[in-house]
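Welcome! Let us look together at how the parts of this structure meet, first between two chains and then inside one of them.

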Number of protein chains: 4
Amino acid sequence: MPTQILLIDCPDETGLVHRVTGVLFRHGCNIVSNGEFVDREAGHFFMRTEFSGEEDAARLVADLRVILPASTTIRLADNVPRRIVVLATKEPHCLGDLLIRHEYGDLNCEILAVIGNHETLAPLVEKFGIRFHHLSHEGLPRDEHEAAVLETIGSYSPEYLVLAKYMRVLTPAFVAHYPRRIINIHHSFLPAFAGAAPYRQAYERGVKIIGATAHFVNLGLDTGPIIAQDVIAVDHSHSAADMARAGRDVEKTVLARALELVFEERIFLSGNRTIIFS
Amino acid sequence: MPTQILLIDCPDETGLVHRVTGVLFRHGCNIVSNGEFVDREAGHFFMRTEFSGEEDAARLVADLRVILPASTTIRLADNVPRRIVVLATKEPHCLGDLLIRHEYGDLNCEILAVIGNHETLAPLVEKFGIRFHHLSHEGLPRDEHEAAVLETIGSYSPEYLVLAKYMRVLTPAFVAHYPRRIINIHHSFLPAFAGAAPYRQAYERGVKIIGATAHFVNLGLDTGPIIAQDVIAVDHSHSAADMARAGRDVEKTVLARALELVFEERIFLSGNRTIIFS
Amino acid sequence: MPTQILLIDCPDETGLVHRVTGVLFRHGCNIVSNGEFVDREAGHFFMRTEFSGEEDAARLVADLRVILPASTTIRLADNVPRRIVVLATKEPHCLGDLLIRHEYGDLNCEILAVIGNHETLAPLVEKFGIRFHHLSHEGLPRDEHEAAVLETIGSYSPEYLVLAKYMRVLTPAFVAHYPRRIINIHHSFLPAFAGAAPYRQAYERGVKIIGATAHFVNLGLDTGPIIAQDVIAVDHSHSAADMARAGRDVEKTVLARALELVFEERIFLSGNRTIIFS
Amino acid sequence: MPTQILLIDCPDETGLVHRVTGVLFRHGCNIVSNGEFVDREAGHFFMRTEFSGEEDAARLVADLRVILPASTTIRLADNVPRRIVVLATKEPHCLGDLLIRHEYGDLNCEILAVIGNHETLAPLVEKFGIRFHHLSHEGLPRDEHEAAVLETIGSYSPEYLVLAKYMRVLTPAFVAHYPRRIINIHHSFLPAFAGAAPYRQAYERGVKIIGATAHFVNLGLDTGPIIAQDVIAVDHSHSAADMARAGRDVEKTVLARALELVFEERIFLSGNRTIIFS
């Protein structure tokens with residue numbers, strides 16, 4: 001049976017769960033899974049409910065509005081594949097992993113197209129029958145290149161952009177077009193080693209663990225809300241290149257895990273922190 | 001404010017969360033945290049709610065009975081330190097870790113006494129002002145030794161027994177006195193290497209990870225419901241003794257984690273599986 | 001500069017490192033990396049040396065023979081891509097991961113062909129321009145099917161066979177053709193949950209970690225020497241199917257890690273245990 | 001049989017292992033374990049050899065000097081317990097863990113005394129029959145307090161100082177007295193969250209992993225060479241206080257692991273990076 005996902009957040013007060021579940025009950029909804037969280041510091045309530053059986057979404061939301069505080073955010077999402085565009089540069093591991101998952105329906109998404117600022121990955125993408133756009137940044141001012149990328153993206157009307165090792169920093173102007181809708185994989189356990197060459201930075205610092213971080217892109221450099229992170233052990237015998245090699249598996253796994261959470265509508269934002277119902 | 005913990009489990013049906021939260025709301029309870037889980041295979045519903053503000057526990061439970069299926073298990077626990085007795089043999093690491101945590105109030109428990117089948121650990125226990133009973137098993141039939149242990153335990157009326165590397169197998173007759181109330185730490189990632197000398201077994205098998213498992217003791221050998229597990233990497237350079245040494249930190253951390261979950265009433269049993277609201 | 005890999009193992013005695021490095025020095029070899037290990041229980045010495053600069057391999061080995069115990073095993077391997085055949089069934093994640101790594105030169109191997117007992121994975125393999133053989137087992141006695149598989153494999157003269165979720169148990173007769181040359185990925189942290197349906201077994205046992213094990217195939221069922229293992233945490237909310245899904249990323253990473261070790265000639269066997277110079 | 005540890009580092013050149021093992025062989029030494037590492041970027045060679053059987057250490061070192069480059073550092077260490085002084089503040093978990101390990105001979109060290117800038121931990125230390133010095137910093141200029149601490153430490157002539165959650169920043173003047181001889185445990189995965197309140201910082205940043213780092217103290221703030229690190233997963237439900245609680249087990253395990261490496265003379269420094277023969 002198709003399910004829907006209800007996402008509610010509002011200032012915390014007594015009785016919210018009772019009221020929301022009451023509305024769902026009266027609408028004859030069957031709750032498949034339910035989670036609540038109260039952020040005590042912020043005094044804020046978050047609730048994610050997956051349910052089946054509702055025909056009239058508009059009426060459900062209207063009935064919820066009545067019993068919830070005025071400032072409540074209510075979102076009702078169909079549990080259907082998200083439409084996405086992927087941006088990449090030259091490295092195949094994250095992109096390749098997404099293409100295989102996509103091919104076999106492992107990610108709740110449809111990859112509409114891949115955009116590369118280099119041509120390197122075109123053959124890989126085209127193996128899977130997906131359109132590859134080569135939009136080189138060479139010789140172009142940053143704003144012109146971004147305008148071209150935005151135009152191509154726009155033609156697909158995607159819900160999310162996924163940066164699968166896209167090695168260009170996006171300007172705030174670009175990001176503003178897709179607020180909370182761009183997911184990046186950064187090859188360090190942020191906030192350590194933000195910016196360029198994190199494996200080189202990690203080598204120089206002599207760390208014993210390296211990692212990867214998937215996050216929403218905001219207007220800062222690698223400062224957006226973190227969705228997923230993982231690490232692996234390294235030692236002194238790892239050169240920066242060895243670390244990069246070892247890190248690839250973490251990068252692709254962390255990115256895939258984050259996309260799963262995003263595409264299944266499991267994430268709220270609370271300031272710069274993510275609340276995740278996994 | 002003191003809190004109470006409500007634990008409910010029953011066959012799943014529509015509207016349970018709404019009904020339970022309704023009773024709590026009408027009693028003026030303030031929900032501190034709430035979690036639900038439906039075991040789809042078993043068709044069973046589990047709910048753990050921590051709340052404050054209720055004076056009349058008996059009436060609350062009575063009111064819940066009315067709105068829940070007849071076969072529902074309802075338990076209401078005060079969030080107070082659990083009374084425990086610890087059993088150990090010769091190894092100090094798990095026991096020492098518990099003693100330090102206990103001394104500084106890190107575990108929601110009161111250690112009433114420690115029983116050892118060897119005298120080795122008496123000095124450690126007595127440093128912390130806790131009574132140590134040396135009940136040697138030497139020269140005694142198993143049932144006589146267990147009778148002596150049971151008698152000593154009984155004099156403290158503990159809620160839980162903790163086996164902190166107690167290297168004797170308990171008979172079903174013993175276990176039957178404390179059903180679901182004995183927690184053991186086993187030095188392997190069960191079900192691998194149950195029984196004697198798990199590190200030796202792990203060495204012989206040439207595994208690349210070793211681990212520890214905290215579980216409730218049931219009538220079988222290392223077959224009880226698993227509460228917590230963790231592992232660490234090893235390699236060919238680890239002898240069985242090296243593995244034992246490396247495993248100690250995992251053992252003590254896993255045991256402490258499990259006790260935290262037990263003492264905060266975060267665990268349901270579903271057959272031989274644990275449902276944990278962490 | 002091309003390197004060669006020298007693998008020596010013999011009963012331990014004093015002065016072995018000095019003698020071996022002396023021969024390499026007199027041959028003008030430049031040692032790139034060197035590792036030794038003494039298995040104290042077995043009284044056995046293992047040494048792996050990667051070096052450059054030797055022209056006359058036969059003379060080097062002859063000179064080593066003179067200064068080492070009579071029972072010494074000496075192996076000199078070129079550091080070139082290993083020739084492999086992959087066997088698979090229906091699941092694409094491990095195979096897809098290998099195909100992408102292979103396409104981009106991340107594994108020190110050449111995939112000569114893929115054999116499937118189902119047709120499912122043919123389109124995936126053929127995207128990468130690799131030959132896929134569909135050799136169905138249906139309606140065939142086991143020995144006839146294995147004979148057909150062996151014949152196809154034989155036509156490629158591979159150095160290694162990789163079982164990338166090949167869901168058929170191989171008979172000892174089959175395995176005897178490729179001793180220590182078949183690498184399997186099993187979807188549990190062996191020795192737990194050997195045999196069929198390990199995720200189902202894991203679910204039933206209620207474990208809090210699941211894992212994967214890459215091992216050489218020997219004549220037993222999932223009893224061969226372990227090369228690599230890893231685990232991830234699960235909880236009560238994971239059905240057996242959820243575990244299988246979560247386990248895929250571990251399976252593919254562990255298999256790739258093991259193949260890297262095998263193809264770079266980093267592994268000795270000591271009985272049923274692996275000695276790995278990583 | 002007592003063993004000795006030989007630590008050699010020098011600019012890399014061909015034949016070093018052969019030459020060193022030759023000297024050991026001629027001295028009749030029995031090599032228990034041996035490890036070499038070449039830092040390719042720095043062109044530097046490191047070798048750690050544990051051996052038994054040498055009577056005349058001075059002659060061994062003299063003979064090594066002859067066959068090694070002039071700039072070689074040679075160190076010969078007895079494998080005996082290191083003499084240490086521990087500094088702490090109010091938190092008992094790291095200190096308590098060290099005391100238990102020390103009591104049972106798990107760490108290759110002798111704790112000569114503990115110094116606290118608060119009195120809180122005196123009872124814990126004294127349980128184990130170890131001298132506790134309360135040296136309050138209150139009302140004292142930093143240099144006066146440090147002078148008092150240095151004087152007390154000096155009276156024990158320790159080889160190493162261990163900061164077991166000592167919550168005061170040491171001045172460069174202090175550190176200069178014990179170069180590469182002070183080991184600190186910092187409650188974050190450095191370089192993330194250096195300085196004050198790392199768990200608060202981690203909470204604010206919304207990370208999904210937290211960790212701990214043991215490092216040698218140098219003249220900077222949390223910038224010294226990293227010895228050991230580990231992490232654990234957290235999520236949005238962890239307050240900063242919850243993170244601190246969860247982090248304690250990582251802190252104590254990482255500190256103990258680092259001390260084991262230091263006390264067994266397994267660490268070289270290469271600039272600000274550690275080379276560890278574990």
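In this predicted model, 32 residues of chain D touch 32 residues of chain A. How much area is buried between chain D and chain A? The figure is about 2800 Å², and carbon and sulfur atoms give 54% of it. On the chain D side, the residues that lose the most area to chain A are Arg205(D), His236(D) and Arg273(D), which together make up 28% of what that side buries.

Charged pairs also link the two chains: the count between chain D and chain A is 2 salt bridges. One of the places to look is Glu41(D), whose side chain meets that of Arg200(A) in a salt bridge, at 2.8 Å from N to O.

Now turn to chain B and a pair of its helices.

| Helix | Residues |
|---|---|
| H3(B) | 93-103 |
| H8(B) | 240-263 |

The axes of H3(B) and H8(B) come within 9 Å and cross at roughly 45 degrees. Angles from 35 to 65 degrees fall between roughly parallel and roughly perpendicular, so H3(B) and H8(B) are oblique to each other. Their crossing is right-handed.

Which residues make this contact? From H3(B) come His93(B), Cys94(B), Asp97(B), Leu98(B) and Arg101(B). H8(B) brings Arg248(B), Glu251(B), Lys252(B), Leu255(B), Ala256(B) and Leu259(B). Sorted by class, the contact of H3(B) with H8(B) holds 5 nonpolar, 1 polar and 5 charged residues.

Terms used
Residues are numbered from 1 along each chain as its sequence is written. Chains are lettered from A and ligands numbered from 1 in the order in which they are written. This is a predicted model: local features need pLDDT of at least 70, side-chain atom pairs count only at pLDDT 80 or more; totals for chains, interfaces and linings use all residues. Side-chain values use heavy atoms; hydrogens and water are left out. Axes are lines fitted to C-alpha atoms, for helices over the stretch in contact, and angles run from 0 to 180 degrees between N-to-C directions. Helices (H or I, at least four residues) and strands (E, at least two) are DSSP runs, numbered from the N terminus. Angles under 35 degrees count as roughly parallel, over 145 as roughly antiparallel, 65 to 115 as roughly perpendicular and the rest as oblique. A crossing is left-handed if the near helix is turned anticlockwise from the far one by less than a right angle, and right-handed if clockwise. Contact means heavy atoms within 4.5 Å. Ala, Val, Leu, Ile, Met, Phe, Trp, Tyr, Cys and Pro count as nonpolar, Asp, Glu, Lys and Arg as charged, and the others, Gly among them, as polar. Buried area is the accessible area (1.4 Å probe) that two parts lose on being put together, summed over both. A salt bridge is a side-chain nitrogen of Lys or Arg within 4 Å of a carboxyl oxygen of Asp or Glu.
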